[in-house]
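The sequence and the structure are shown below.

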Amino acid sequence: MNDRNDLYSIRMRASFRKRHVSGSERIITQDRIDATVRDLVVRARDRANEPDRIIVSVDPLDASSLRYLTSLDVITLKTSDLCSGREYAARVLKLAGVSEQAVASAMEQINTGASPSGANMRGAMIMDAVTGERLERDHERGIRSSRFDWTDDAFQSAMQQLGGMGLTHHRTAEALALATKVAYAPGMVAELCWSDEPDYTAGYVASLTTGYVRFPFLKQQGDAHGGRAFFVDHGNLDLTALIRYLETEAILINAVGICSPAMDALAFLDRILSCLNRNSYN
Ligand code: AMP
């Protein structure tokens, strides 16, 4: 795919009674448009909440503006339930530079539906990493990170490596691609996510400092609330540039970061802390 010029961005979003149900992103060559559109429609309908509206957009991409990235390193932290999952997620976020206040606010809002109507948002909250203030203009919709995908080779390699960690769901590879794009955004500090799919309890914290840190439980089984918070350095932020990067700049992931076996949460925190200390002495 890499040396082709006929690249297209395919975006799907599905809703039920005007409420967001799911969305998906691909970057593909022209010959795969039909199959990909079909695949995304099938995917949209294969949800606990079947949508009554599915919109698929197909847009040409300027291949010369593509940026290539290596995916974030991936690790799962061994936590046994929602409580310890959220506690350690908060501690990882703190190491990445997010205040306790901002973490508590993000968790509370994702927990109860972060849009003013109490529903899940279509996109993410943009939050001041210190105060927790929400900076996105439209709190109902949020900001969607768009136009990212894996190259074919990197996707195969990612599925193999994630599969070796027991992570065979396509959702993990998609979330890792999204989190990688987001982590490299200008002004980004860290991301927190858990899914709105009722049966999918896992979630993650991601940042350039910590990599993609996965938690098996960030919510209760059966809970249909989920969402994303993008924590940013408000003091040095160019919000327009950040949103332009997230929504329009095309990113292909062409190499896979290190995928490590599941690890004790405290040992992981120690490891990150000693890395941070080492870097501050150098
Ligand atoms: P999902 O991981 O697909 O279950 O999505 C969980 C939540 O993350 C959704 O309810 C949205 O609020 C948010 N979200 C999903 N996709 C994106 C995206 N591409 N950019 C920003 N936020 C998203």
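Axes here are lines fitted to C-alpha atoms, for helices over the stretch in contact, and angles run from 0 to 180 degrees between N-to-C directions. The model is a predicted one.

**Overall form.** The protein contains 7 helices and 13 strands. Its C-alpha atoms fill a box of roughly 50 × 45 × 40 Å along the principal axes. For 282 residues, a compact globule would have a radius of gyration near 19 Å, and the 18 Å of the protein agrees with that.

Two packed helices are described by the angle between their axes and the distance between the axes.

| Helix pair | Axes come within | Crossing angle |
|---|---|---|
| Helix 2 (residues 82-96) and helix 3 (residues 100-112) | 10 Å | roughly 135 degrees |
| Helix 2 and helix 7 (residues 265-281) | 11 Å | roughly 5 degrees |

Angles under 35 degrees count as roughly parallel, and helix 2 and helix 7 are therefore roughly parallel to each other. On the side of helix 2, the residues in contact are Tyr88, Arg91, Val92 and Leu95; they meet Ala265, Leu266, Phe268, Leu269, Ile272, Leu273 and Leu276 in helix 7. By class, this contact of helix 2 with helix 7 divides into 10 nonpolar residues, no polar residues and 1 charged residue.

The contact of helix 2 with helix 3 has 5 nonpolar, 1 polar and 3 charged residues.

Seven strands form an open sheet with mixed pairing, in the order 6-11-8-9-10-5-13. Strand 6 (125-128) and strand 13 (263-264) stand at the edges, each with a single partner strand, so one side of each has no neighbour in the sheet. Strand 13 pairs with strand 5 (residues 74-78) in the parallel sense over 2 bridges, and Lys78 stands opposite Asp264 in strand 13.

**Helices on the sheet.** Helix 6 (residues 239-248) packs on the sheet and touches strand 6, strand 8 and strand 11, its direction making about 145 degrees with that of strand 6. Helix 3 lies across strand 6, strand 8 (188-194) and strand 11 (227-232), and runs at about 160 degrees to strand 6.

Terms used. Residues numbered from 1 in each chain as written. Predicted model: local features only at pLDDT ≥ 70, side-chain atom pairs only at ≥ 80, totals over all residues. Heavy atoms only, no water. Helix = DSSP H or I, 4+ residues; strand = E, 2+ residues; numbered from the N terminus. Nonpolar A, V, L, I, M, F, W, Y, C, P; charged D, E, K, R; others polar. Pairing = 2+ DSSP bridges. Contact = heavy atoms within 4.5 Å. Rg over C-alpha atoms; globule rule 2.2 N^0.38 Å. Parallel < 35°, antiparallel > 145°, perpendicular 65-115°, else oblique.
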